[in-house]
Amino acid sequence: MQKLKKHQKIYVNRSINMASIRSLGFDMDHTLVLYNRVNFENLAFHETLKKFIANGYPEELASLKFDPNFVIRGLLVDRERGNLLKVDAHKYVKVAFHGHMKLDKAARSELYNSRGFKADDFLTVDTFFALSETQLYIEIVDYMRRNPGKIQKTFTEVYKDLREWIDLSHQDGSIKTKVLMEPSKYIVRDPHLVDTLVKLIDGGKKIFLLTNSDWAYTNSVMTYLLDNQHEEFQQWQDYFEYIIVSAGKPNFFTGTNPFYEVMTEQDGLLKLHRGPLVPKNVYHGGNAILFEKLTMQKGDQILYCGDHIYGDIMRSKELFNWRTLLVVEELYDDFKKTEKLQPELEKIMEAITVEEDLQAQVQALRSNISNQERRHKSKHRAKQDESKFLVRIAELQAELKGKEETLETQHKAIKELISTREKQFHPVWGELMRTSLEKSRFGKQIESYACLYTSRMSALRHYSCSEKLRSYRDVMPHDL
Ligand SMILES: [Mg+2]
């Protein structure tokens with residue numbers, strides 16, 4: 001097999017034999033369809049901001065700017081205090097902001113690290129839609145910080161308003177209509193999407209679409225993306241055995257909604273469906289128990305690919321034993337940086353080895369000093385040895401002082417090296433999957449919930465349909 005770059009690989013948390021996978025399901029948004037994030041989030045940000053002003057928030061807010069580089073996925077939002085947090089796998093808050101004001105170590109400790117921390121009290125930024133929403137929240141919090149009293153609401157109330165209006169922007173079509181009017185501005189084509197789907201189909205796999213988007217939007221986006229891209233699959237529906245829209249994940253995996261057939265020729269009218277799912281027909285809603293029954297498949301024969309840990313991955317794996325592939329788009333850039341910054345990481349590791357060696361020397365000197373002191377104080381010590389011990393202790397203490405200073409300098413140098421490396425990933429939050437050298441909460445979640453992860457679904461094209469994907473225990477898969 002050709003040597004793959006990090007961003008082309010699929011990483012394995014749980015071993016999977018692709019030969020035993022009968023069908024692969026795909027989420028649509030951010031899995032099959034990639035968006036131009038800056039354009040898309042900018043649109044969502046401003047459409048929602050309009051609703052704030054229309055509902056009585058200060059007109060001045062219209063000047064708020066969308067910053068595409070501030071919020072990243074995996075952060076937590078403290079809605080009560082208007083703070084944004086990056087947390088490690090042990091729930092320790094490593095970086096925190098109030099609006100755009102960075103909180104220092106003492107403030108982080110007072111608010112979070114010195115007390116019990118329940119991640120459930122906070123909201124996780126875990127979808128791409130949440131990025132623009134969180135960005136807008138942080139901008140309004142920052143406005144409130146700079147202009148006390150101008151908005152007479154608590155941070156929690158502001159967040160509630162935001163939630164309501166962002167949902168409305170998605171429902172009333174103010175975002176979708178604009179996307180569909182100018183798809184090339186908002187949608188990015190993965191040049192390998194068609195090859196990947198065809199390879200899976202040729203490899204004997206059935207492909208299905210399971211999306212929360214409605215029929216009208218799904219049809220428009222998929223038509224733009226896949227129609228007339230391959231001579232044997234002229235229409236996008238030709239690729240998919242089953243098509244399910246408005247699935248309502250994660251409730252699809254916990255609920256009991258029936259399937260409705262979408263009458264595609266009749267403006268998407270819905271008709272309650274009974275009996276097996278008919279290939280190529282379009283279904284609305286439904287649930288996973290019924291899906292397995294009607295398509296005569298078992299959980300471990302299905303590999304589902306999605307970008308949302310909660311919506312796509314957690315429940316499908318936990319309740320139905322579906323195999324899961326999480327698509328983490330941002331890793332595409334992170335992995336390229338990881339490769340480029342490999343020499344920096346090696347430098348850090350070497351510096352840590354030197355630090356550990358120094359620590360051992362300091363420890364040995366401390367033990368030696370207490371040993372000399374104990375012997376000096378001992379009642380069995382010969383009187384004439386007094387000065388000999390004192391001289392020796394003084395020598396050791398001088399040596400210890402020197403080593404401690406070197407250790408301190410080394411410690412600072414390592415901190416600086418780590419911080420410089422982190423800033424190359426992201427100037428504020430660092431690497432997505434890590435905080436310093438430890439796993440971030442997001443990294444830990446990916447490891448715990450997804451069987452496989454990758455930066456693009458089209459990475460599947462590099463693997464054979466009967467490949468045994470093996471997991472390596474104890475190290476993070478992308479370290480290898
Ligand atoms: Mg999605």
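This is a predicted model: local features need pLDDT of at least 70, side-chain atom pairs count only at pLDDT 80 or more; totals for chains, interfaces and linings use all residues.
Residues are numbered from 1 along each chain as its sequence is written, and side-chain values use heavy atoms, with hydrogens and water left out.

The largest pocket holds about 1,000 Å³ of space. A pocket here is an open set of points on a 1 Å grid over the protein atoms alone, where a 1.4 Å probe fits and protein lies on both sides within 12 Å along at least five of seven lines; lining residues have an atom within 4 Å of a point. Grid points are joined across faces, edges and corners, and the volume is the space filled by probe spheres set on the points. Of the 38 lining residues, T127, F129, R163, N212 and H308 are the closest to the centre of this pocket. The lining comprises 13 nonpolar, twelve polar and 13 charged residues, where Ala, Val, Leu, Ile, Met, Phe, Trp, Tyr, Cys and Pro are nonpolar, Asp, Glu, Lys and Arg are charged, and the others, Gly among them, are polar. Elements that supply at least two lining residues include α3 (128–146) and α11 (309–320), while α4 gives the most, six. Helices (H or I, at least four residues) and strands (E, at least two) are DSSP runs, numbered from the N terminus.

α11 also packs against α15 (residues 441–449), at an angle of about 35° and with the axes 10 Å apart. Axes are lines fitted to C-alpha atoms, for helices over the stretch in contact, and angles run from 0 to 180 degrees between N-to-C directions. The contact of α11 with α15 has seven nonpolar, two polar and two charged residues.

I446 lies in α15 and is buried, with a relative accessible area of 1%. Buried means under 20%, exposed over 50% and partly exposed in between, with a 1.4 Å probe and protein chains only. Beyond neighbours within four places in sequence, contacts of I446 (heavy atoms within 4.5 Å) include N13, I309 and L326.

Strand β7 (residues 93–98) has five of its six residues buried. Five bridges join β7 to the antiparallel β6 (residues 83–87); strands pair if DSSP finds at least two bridges between them. β7 and β8 form a hairpin with two residues between them, and G99 in the turn has a positive phi of about 60°.
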